[in-house]
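Hi everyone, thanks for coming.

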Amino acid sequence: MNTQVQNISAAPSAVPEGRGETFVELRGITKRFPGVLANDSISLDFNPGEIHVLLGENGAGKSTLIGILAGMQQPDAGEIRIRGQRVRIGSPRQSLELGFGTVFQHVLLVQSLTVLENLMLGGSWWQRIDRAAALRRFRELSDLLGLNISPDTPVGRLSLGQQQQVEIVRALWRGEGLLILDEPTSMLTPEGVRELGQVMVRLRDEGVAIVFITHKLQEAYAFGDRLSVLRLGRLVGGIDKDRLKAMSEKEVTDEVIRLMFGNTEGHDRDAETLAGLGQRRVKQRAARRSTVPCLSLRGVSTEGDIGECPLRDASFDLYPGEVLGIAGVDGNGQKHLAEVIAGQRPAARGEIWLEGERVEALSVPARRKLGIRYITDERMGEGTVGTFSVAHNVVMKEIGLPPLWRHGITLWDRVFGHARAQIQEHDVRTPSERTPIGRLSGGNIQKVLLARELADELVGEAKVVTFNKPTYGLDLQSTRMARDRIRRGAEAGLATVLISTELDELLELSDRIAVMFQGRLAGIVDNAEGAEREIGLLMTGAASV
Amino acid sequence: MSTGSEVTGSSSTAGRDRLLAVVRVLVPVVLALFVGALILLSFGKDPLAYYGYVVRRGLLSPSGLEATVTRIAPLLLIAAGLIVAFRAGIWNLGVDGQFLLASVVTAALAPALMGVLPWGLTMLICFVAATAVAAVWSLLPAFLKVRYGINEIITTLMMSFLGISLSNVLVKIAFNDPATTVPQTATLPVEDRLPRLFDTTINSGVIIALVVLLLVHLMMTRTAFGLKLQVVGANPRAAVHTGLSVGKLTYATFAISAGLAGLAGSVEILGVWGTMRADWNPAYGLLVIPLVFLARFHGAASLAFVVFFAVLMIGGESASRRLGVPHFYVLVLVSLLLIFFALVEYLDQRWRKRSRA
């Protein structure tokens, strides 16, 4: 701590004067929700000039802890001290005034406003907007972070990485005390992650206390000064600064995995999923490629709304039993690709062939009948109707069709019976088939969607399945379930398009990986040794194959 | 009207939920009557006397009850149409224009056809023509919504103003009966109107309305079409994802909703008035919209609110003559009801959020 402490007191910032003393102390923080103990007596210290990594799978209690620090929730027990002073964080505003800034996983900026306008939004409504002062503060923080963003650019024109940097500026706006980053790397390119790392290190050296939440072990090792592991709401252990320095990446990985899952057998696969070491799929033999392609796209383009990236001139062949991974930073046309295959979005140009038949003019139900299925990433946004029951959602794409409907009359007994069978078969954890689906967890909603899209008994055989970010926002167990399902589907002969922003996932499951960049398929590489590097280059537009 | 029983949670909590739903409706009603009483007191009127009179005249006296039941028919038909629209997420606020245009068409057709065609066929043609005209009047807002995504709240309201004016003009210019001093259409003789029930002044329109409401209920809960409409209403993006033809469903919704408003106008003319005066505009649509909201788009609850409101209307009209309380005081009660309903809803949401957090 010693050398850095000197830096801190020299730094021209609102950082605590305390020499080496802890900035924020959490003591025995406990938070209960109905049926869940989200935080169980958690005690943590956040020190100035230190990047404190919080690790834990979804549901471990990280989000609740952030919510408490950001003033959005009140702990049921325990206390928060700032420089030894006990404080109560009653609202997000109070949290900001204490110098706590939070950057959430998703960008929360107004896309049509400029950078500076976004930053000035936090002021009270009766105050005059002081542009000059805001600009001064922006320059100050830009220098601190080493940014090169014009304050007058509309946020919508910035890359996701830059938008996140603006979020960091906003988080530090009221004073550089504690910066909380909630899974900040999940949306970034490798280059973006590297830049974020640089920013974090600069801030740390200026004496900011940083809480860095991630589930990627490599990043934890690369950036962290101290690790703490949460599991089922409890702090199960950590690695402090001195020990961390002395350990190799392998040792850290082993230790964290041991902490997260204990030493019990049977958690091995969780550990593999987490560390990105999941067993690779047995690749299909090249011989099968000689058959007729199941799905072919020929120069398919779409038209995008304002702010959307359309698909441009996409062509590929997909064979039965093959998994084509689609890599790329979110928002590079992946959604349009998925939708144009499913029939949800018209193709402006180009042809789509399914087993030798042209299908680009067919509707969603017609293509579904022919075997094209789409598991959307927006499970609540478009995949389901949250207020409708599980049963309604299971049959959502069958409305009006026999055997569940006869002459347009709903046979509710059959609908509920079918739903019960699907719930049983796909192990959906729900109180009843009549429970509104919005009350289920993400993993269970995903199971309902899988049941709906992969079911064969009602509409005929599935042939082409598009998965759009199938494990996004799921906990480890559900992630593994979804990946197993994709693997088994491919082994059974499904032609699969797998869109994902998780490179590990693509490397684990795909035969070939295409990279989307600005609406184009920048290249398709075979998933073999060295694919990572090629994909990384393609993702940033640095190379074309 | 909802798929309520299918959608709501497990059976153990269903009973409690239902009880809470009743409480959520009753509390605003009691509060509205109470504050309404305070307003009456401030005018020096005896609220108990007023409420008592309203109930006696609107519900307990034979002639009052007959008038109330007669009034229910158009209100219920309009409510049935609105339930379909609102459940599909389409805010058809142009009911009054649709209602009046259908009324004009009915009032013009019925006396003219009656001499030529048999009674039954005349009635049928009037119903069909009125429904069709109202549905056509909603075509433009539907087209603008489907094609350009223009908000139907604005367009249906504008079309409503146009429809009201146009029906006025039609009565004065096209269908004016020269035999009368005030501009109005030719009058359908009493014996040619909708048959009366038993020995009362109640016409059979109320039967039509109840049957239509039941059919709408069955359509929404038992058919694929109804379920599709509800998907569009609950999550339009899910409808696109599922591959529903949202455009066609939107047209159908507009047509059904406006058509039933038209049928209401037709029933009112054929059952009650037999003629249409140029300045006649009961503005039932704007009165029924809040009721359907209060009933949460539910058929049985809408029926209850319509009956309640019809009693208030008929009783209030009598009371205005007898007690000197203006008849639009009924509107004050309805708006109080809406305010308290919103308030209870808000408090309920907050309470739920807190109990969850």
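So, which residues in α4(B) meet which residues in α13(B)? Before I answer, some housekeeping. This is a predicted model, where local features need pLDDT of at least 70 and side-chain atom pairs count only at pLDDT 80 or more, while totals for chains, interfaces and linings use all residues. Residues are numbered from 1 along each chain as its sequence is written, and chains are lettered from A and ligands numbered from 1 in the order in which they are written.

Okay, the answer. From α4(B) we have B:P74, B:L75, B:I78, B:A79, B:L82, B:I83 and B:F86, and they meet B:Y284, B:G285, B:V288, B:I289, B:L291 and B:V292 in α13(B). "Meet" here means that C-beta atoms, placed from the backbone, lie within 7 Å. Helices are DSSP runs (H or I, at least four residues), numbered from the N terminus. By class, this contact has 12 nonpolar, one polar and no charged residues. For the classes, Ala, Val, Leu, Ile, Met, Phe, Trp, Tyr, Cys and Pro count as nonpolar, Asp, Glu, Lys and Arg as charged, and the others, Gly among them, as polar.

How do α4(B) and α13(B) pack? At an angle of about 55°, with axes 9 Å apart. Axes are lines fitted to C-alpha atoms, for helices over the stretch in contact, and angles run from 0 to 180 degrees between N-to-C directions. That makes α4(B) oblique to α13(B). On the cut-offs: under 35 degrees is roughly parallel, over 145 roughly antiparallel, 65 to 115 roughly perpendicular, and the rest oblique.

Now a second pair. Helix α7 (residues 139-148) and helix α12 (residues 246-273), both of chain B, pack at about 160°, with their axes 9 Å apart. They are therefore roughly antiparallel to each other. Here B:P141, B:A142, B:K145 and B:V146 in α7(B) meet B:G247, B:T250, B:Y251 and B:F254 in α12(B). That contact has five nonpolar, two polar and one charged residues.

What does B:L77 touch? B:A209, B:V212, B:L260, B:L263, B:A264 and B:V267, leaving out residues up to four places away in sequence.

Last stop, where the chains touch. Chain B gives 21 residues to the contact and chain A gives 30 residues. On chain B's side, the largest share, six residues, comes from α10(B). By class, that side has nine nonpolar, seven polar and five charged residues.

How values were computed: Helix = DSSP H or I, 4+ residues; strand = E, 2+ residues; numbered from the N terminus. Contact = placed C-beta atoms within 7 Å.
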